[in-house]
Amino acid sequence: MKHAARKTTRTGRHFRVADVLAPSPRGSHAAHAVRGARAMRADGSEQTLGLDPALAAKLEEVAPLTRRAIRESARAARRKSRFMASGSMVALAGAAAAALSLSNMNATTSLASSETGITTVQTTKSATGSSVSRSQERTSLGSSASDSTTSSGNWSLGASNSELDVAQMSQTTVSNPAVAVLYEADKSILPSGFDPNHDSGDSGNQYSFSQCTWWAYVRRHQLGLPVGSHLGDGAQWAASAKKLGYWVDSTPRHVGDVIVFQRGQFGSSAVYGHVAIVEQINADGSIVTSECGASLNGKTVSRTFSADQASQLQFIHY
């Protein structure tokens, strides 16, 4: 008759040092003896009896008693390994950065030291070959080599250059296009300090319809030339225009010039004087006019004055 195997309590949680030190042989008596050699500590852990306390503590430290402790020990070992590897990589990167910095510093120092001894050299082509060779001789420019290139020469102002008109090398910007054309043509005879962009005094036609001053304003605008709006009676136009900066003299120069008659001059009003416009300048110096008056109701008439008569009048140009 077989006896039932004795049931033993298995916790499945501890790997006992005593089992390693005193493995039980066949039979249950040795195992009981080994189990009887264990006792519980005050903190609830087991302690192997019959051993030197220091040795038992060391054995418990070195040999984990549970599977969980074994896994945690393995994790700790892996973490330690990764930490050591990371530390090694950081140390290696730091060493590489330090080496690179030192290399750059040496290169900069070398460049700075070499700048003080810069020498310009000239390459001499080899007479024995058609292609340039790296081994060609290089001669310093400061040497007395016979094949050194020397540039020499002088500069002088030729006769043709001395005849250049410096005045033609710059142009004054004139705001009025019609005046700009006349200004360029008259540069050699313009009054000193004349400003082609002077104030025109124009604020619209302020003169009474059909008066000589009204027509002079209308005709100047038709030709694109400047004219003032408050130049006064006909006899006052020359003086008023001068104050604004207009070029005024006794010579007819362009179609569109304003002719100024003094009071009573050549049949003009003894009270107001008169103005007209130059429409044509003949080869003999005579001029043809266009002019208006209160009695003409806005219509114009034309007269011709000889060169001698024209020289007695005043002309407003621009």
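## Helix H8 and its buried face

The buried residues of helix H8 pack against H7, S5, S6, S7 and S10, where contact means heavy atoms within 4.5 Å. These buried residues are Trp237, Ala238 and Ala241; a residue is called buried under 20% relative accessible area, exposed over 50%, and partly exposed in between, with a 1.4 Å probe and protein chains only. Seen down the axis of H8, they fall within an arc of 95°, so they line one face of the helix, the arc being that of the directions from the helix axis to the C-beta atoms. After H8 comes Gly245, which has a positive phi, near 110°.

This is a predicted model, in which local features need pLDDT of at least 70 and side-chain atom pairs count only at pLDDT 80 or more, while totals for chains, interfaces and linings use all residues. Residues are numbered from 1 along each chain as its sequence is written, and side-chain values use heavy atoms, with hydrogens and water left out.

## The sheet and the helices on it

The chain has 9 helices and 10 strands; both are DSSP runs numbered from the N terminus, helices being H or I with at least four residues and strands E with at least two. An open sheet is formed by 6 strands in the order S5-S10-S6-S7-S8-S9, with antiparallel pairing, and two strands are said to pair if DSSP finds at least two bridges between them. Strand S5 (248-249) and strand S9 (304-305) stand at the edges, each with a single partner strand, so one side of each is left without a neighbour in the sheet.

Within this sheet, strand S7 (residues 274-281) and strand S8 (residues 287-290) pair in the antiparallel sense over 4 bridges, and Ile277 has Ser290 in S8 as its bridge partner. Helix H7 (residues 212-222) packs on the sheet, where it touches strand S6 (258-261), S7, S8 and strand S10 (314-316), and its direction makes about 40° with that of S7. Helix H8 (residues 237-244) also packs on the sheet, touching S5, S6, S7 and S10, and its direction makes about 40° with that of S10. For these angles, axes are lines fitted to C-alpha atoms, for helices over the stretch in contact, and the angles run from 0 to 180 degrees between N-to-C directions.

## An aromatic cluster

The structure holds 8 aromatic pairs. Rings of Phe, Tyr and Trp (its six-membered ring) pair if their centres lie within 6.5 Å, and planes under 30 degrees apart count as stacked, over 60 as edge-to-face and the rest as tilted. The rings of Phe194 and Trp247 have centres 6.4 Å apart and planes at 55°, so this pair is tilted. It links distant parts of the chain, with Phe194 in the loop between helix H6 (177-185) and H7, and Trp247 in the loop between H8 and S5, 53 residues apart.

Phe194 and Trp247 are both buried. The rings of Phe194 and Tyr318 have centres 5.8 Å apart and planes at 70°, so this pair is edge-to-face. Here Tyr318 lies in the segment after S10, 124 residues apart from Phe194. Because its relative accessibility is 1%, Tyr318 counts as buried. Together, Phe194, Trp247 and Tyr318 form one aromatic cluster.

## Helix H6

The buried residues of H6 are Val179, Leu182 and Tyr183. Seen down the axis of H6, they fall within an arc of 105°, so they line one face of the helix. The face turned away from this buried side carries the exposed residues Pro177, Val181 and Ala185.
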